[in-house]
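Dear colleague,

I am passing on the structure that you asked about, and below it you will find my notes. Please read them with the model open beside you.

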Amino acid sequence: MARKVTKAIFPVAGLGTRFLPATKSVPKEIMTLVDRPLVQYAIDEARAAGIKEFIFVTSRGKGALEDYFDHAPQLERELEAKGKDKLLKVLQDTNMDSGEIAYIRQHKALGLGHAIWCARRLIGNEPFAVMLPDDVIAADKPCLQQMVEAYEEVGGNMVAAMEVPADKASSYGILDVQEDMGSLVSVKGMVEKPAAGTAPSNLAVIGRYILSPQILENLEQKQVGAGGEIQLTDAIARQIGTDEGVYGFRFNGQRFDCGSKAGFLQATVAFGLSRDELRDDLEGYLHEVMSSRKAAQ
């Protein structure tokens with residue numbers, strides 16, 4: 001039986017240059033999707049999966065991210081005094097208790113694998129999850145919770161995977177499938193951003209992982225991979241063929257790449273339409289916009 005996963009790493013050291021000038025002073029991870037920061041979606045997903053310890057790998061200029069999870073006593077008192085109980089509950093749900101959350105600095109941008117390695121002393125000899133807040137997943141059952149349930153059956157190392165069009169494969173890490181078992185696939189190879197026409201499958205790795213502590217030992221060697229960076233994919237690939245093995249997990253849900261402007265806007269529309277109090281106004285506006293565009297054409 002696989003050991004319980006209670007720790008998660010959130011790599012948030014990136015500069016967010018695709019969202020400049022907003023990210024000049026605001027960390028990308030606390031940009032709001034409807035009315036919640038991107039990172040809050042990841043935290044809520046992690047909590048639903050049973051995560052108890054939250055490890056953020058940050059960099060200079062991320063102070064606002066740390067402040068977001070702190071308590072705000074003055075604001076809480078103000079809401080309580082005005083009887084705004086619903087807003088008070090929303091605010092309190094963002095708080096993190098002392099000891100639940102830790103911050104580690106990544107001093108040099110050496111890749112995702114290096115960011116994970118930076119948190120090695122807080123992981124120790126335990127399995128752990130990795131969550132990339134840029135990947136926001138709308139699902140009835142949160143994606144990481146789905147993965148944890150599957151992991152409890154097979155153990156090893158697990159990556160979330162989704163099918164992508166052939167012309168998009170070069171933008172992802174792609175799985176070379178040994179056996180397709182439905183929601184789970186066993187993996188015999190992983191290729192980071194394959195050249196056009198060379199992808200071994202259409203299953204792409206996205207920003208959810210459950211990993212064994214052996215991955216940290218692999219990262220310790222600091223082998224440089226694609227793009228001159230220390231790639232997490234390379235460290236995971238080294239476990240293929242071992243007793244642990246590597247699995248891809250086809251999750252149920254829709255993934256939005258909120259690291260891109262188009263993906264962020266798509267997610268804003270999708271999550272807005274999912275809210276009862278916003279749906280009618282938003283649908284009406286979108287209908288007006290589309291009608292105007294058609295008339296103009």
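**Gly113 and its surroundings**

Apart from its neighbours within four places in sequence, Gly113 is in contact with Leu219, Ile230, Gln231 and Leu232, where contact means heavy atoms within 4.5 Å. Please keep in mind that this is a predicted model, in which local features need pLDDT of at least 70 and side-chain atom pairs count only at pLDDT 80 or more, while totals for chains, interfaces and linings use all residues. Residues are numbered from 1 along each chain as its sequence is written, and side-chain values use heavy atoms, with hydrogens and water left out.

Gly113 lies in helix H5, residues 112-118, and at 0% relative accessibility it counts as buried (buried means under 20% relative accessible area, exposed over 50%, and partly exposed in between, with a 1.4 Å probe and protein chains only). Although Gly113 and Thr233 are 120 residues apart along the chain, their C-alpha atoms are separated by 7.7 Å.

**The protein as a whole**

The secondary structure comprises 11 helices and 13 strands, which are DSSP runs numbered from the N terminus (helices are H or I with at least four residues, strands are E with at least two). The radius of gyration is 20 Å, close to the 19 Å that the globule rule gives for 297 residues, so the protein is as compact as a globular protein of that length; the radius is taken over C-alpha atoms, and the rule is 2.2 Å times the number of residues to the power 0.38. Of the 297 residues, 46% count as buried, and residues 24 or more positions apart account for 73% of the contacts with a separation of 6 or more.

**The nonpolar cores**

A nonpolar core is a set of buried Ala, Val, Leu, Ile, Met, Phe, Trp, Tyr and Cys residues joined through side-chain atoms within 4.5 Å. The largest one has 40 residues, and those with the most contacts inside it are Phe10, Phe54, Phe56 and Leu144. Among the elements that give two or more residues to this core are strand E1 (7-11), helix H1 (38-48), strand E4 (53-58) and helix H7 (143-154), and the largest share, six residues, comes from H7. Leaving aside neighbours within four places in sequence, the contacts of Leu144 include Glu45, Ala46, Ala129, Met131 and Tyr209. A second, separate core has 31 residues, including Trp117, Val159, Leu203 and Tyr209.

With best wishes
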